[in-house]
Amino acid sequence: MSLLLLAPLGLLALAALIVPALIHLRRRTEEVPVDFAAMRWLEAMPRPRSKLRFDELLLLALRLALVALLALLLARPAVLGWHDDEGAILVAPGVDAVGAREFAGPETEPQWIAPGFPDLDDDPPDSAPVSSLIRQFDAELPQETTLTILVPTVLEGVDAEQLRLTRPVEWRIVGTGEPNDTPVPVPSPALSLRYPQGVLAAPRYFEAAAQAWSEEADVEAATSSELPSRDRVLIWLNPGPVPVELVEWVRGGGTALLGQSAEIAMPGTTAELWRDEMGNTLVEGGPLGTGRLMRFTRSLDPAAMPELLDGSFPAQLRELVTPEAPPPARVAAADFEPTAGAAPYALPPKELTSWLAVIAALLFLAERLLAARLGRFAG
């Protein structure tokens with residue numbers, strides 16, 4: 001453990017120590033001469049030389065200490081390497097607060113895994129990014145401090161990356177029950193078809209594919225160029241140059257699948273997304289901005305693309321236009337126990353300004369009380 005100053009130039013304020021000394025010299029107790037009649041018969045004596053002296057040394061010492069402490073506050077003193085010997089306990093949402101406090105005992109204050117890591121006296125969080133918060137708490141904790149984490153049987157708010165911390169932790173699973181492994185069904189994509197007038201065959205392949213996904217398929221078709229909301233997949237079958245508005249719609253997060261006759265400069269990240277049995281590319285595309293832009297490489301008729309009549313076309317189309325599934329956010333806690341071995345982080349110094357501020361307030365109070373008792377009022 002070592003002491004340091006984060007703003008050493010603040011010590012220049014020590015020059016203000018001369019102010020209380022000057023005040024005491026200027027406002028010391030003066031001897032006021034009183035003339036009386038008999039004094040006229042006395043001979044004048046030589047005037048004694050004045051001496052530099054300070055009255056009320058305790059009051060002066062308090063004022064000097066107060067100024068020195070304020071200068072030290074400006075210098076922002078801190079200590080590096082200080083830490084509590086007590087271990088830390090984190091409690092995940094879903095764990096009973098009463099049981100967690102009984103486990104911790106009276107000497108340790110458990111904290112919720114939530115932004116700011118509040119005490120258990122606060123309301124339990126409904127949800128929180130558990131994985132990232134555990135990594136943050138571990139990074140900000142001194143390396144010598146032990147860490148215990150209380151989690152429910154099923155842990156919410158995790159990401160796809162396994163926890164790897166800077167220290168071994170005690171991973172305590174609190175509660176009973178088995179996690180529900182039933183997969184949540186992914187809703188079928190909503191399609192918006194845009195095609196030229198007189199073209200009816202190509203849109204029907206997509207309508208039939210959507211009906212194969214669900215009996216209540218969400219498909220809307222029009223011969224206009226109106227763009228749908230970005231939560232829908234745009235099937236653009238109009239030939240010729242693609243409108244700039246459509247490109248910006250994709251950049252903003254939309255998903256568009258263009259026909260082979262659409263004229264557009266494909267993004268530099270374009271890759272083969274669907275091949276036939278012979279290895280020939282059927283659909284190409286890639287990310288554009290925060291969206292995805294794709295295009296058929298063949299005309300949408302069975303003669304040029306027999307896959308339109310294949311029974312696997314609905315599944316292939318759904319896989320093509322469905323965005324990637326988000327990483328898991330709900331896992332069995334027993335399968336998510338952290339491992340140790342991550343490189344420790346350099347901890348920032350702990351500032352002592354709050355403690356010094358309390359001492360300065362006490363000194364100021366003592367100085368005021370003593371000044372009032374002596375009949376002095378500092379300016």
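Let me start with helix α2, whose buried residues are Leu59, Leu60, Leu62, Arg63, Leu66, Val67, Leu69, Ala71 and Leu73. Buried here means under 20% relative accessible area, exposed means over 50%, and partly exposed is in between, with a 1.4 Å probe and protein chains only. Helices (H or I, at least four residues) and strands (E, at least two) are DSSP runs, numbered from the N terminus.

This is a predicted model, so local features need pLDDT of at least 70 and side-chain atom pairs count only at pLDDT 80 or more, while totals for chains, interfaces and linings use all residues. Residues are numbered from 1 along each chain as its sequence is written, and side-chain values use heavy atoms, with hydrogens and water left out.

Back to α2. The helix covers residues 57–74, 18 residues, and spans 26 Å from first C-alpha to last. That is close to the 26 Å expected at 1.5 Å a residue, the expected span being 1.5 Å times one less than the number of residues. Just after the helix, arginine 76 has a positive phi of about 55°.

A salt bridge is a side-chain nitrogen of Lys or Arg within 4 Å of a carboxyl oxygen of Asp or Glu. The bridge between arginine 368 and glutamate 367 is 2.8 Å, N to O. Glutamate 367 counts as buried because its relative accessibility is 3%; arginine 368, at 28%, counts as partly exposed.

The structure holds 13 salt bridges. Another of them joins aspartate 138 and arginine 167 at 2.7 Å, N to O. Aspartate 138 is in helix α4 (residues 130–140) and arginine 167 is in the loop between β7 (164–165) and β8, 29 residues apart. Aspartate 138 is buried at 3%, and arginine 167 is buried at 3%.

Now the nonpolar cores. A core is a set of buried Ala, Val, Leu, Ile, Met, Phe, Trp, Tyr and Cys residues joined through side-chain atoms within 4.5 Å. Which residues touch the most other members of the largest core? Of its 25 residues, they are Phe206 and Leu257. Among the elements that give two or more residues are β9 (191–194), α5 (201–213) and α7 (313–321). Helix α5 gives the most, six residues. A second, separate core has 23 residues, including Leu90 and Ala333.

Last, the loop between β8 (170–173) and β9 holds proline 187, which counts as exposed because its relative accessibility is 65%.
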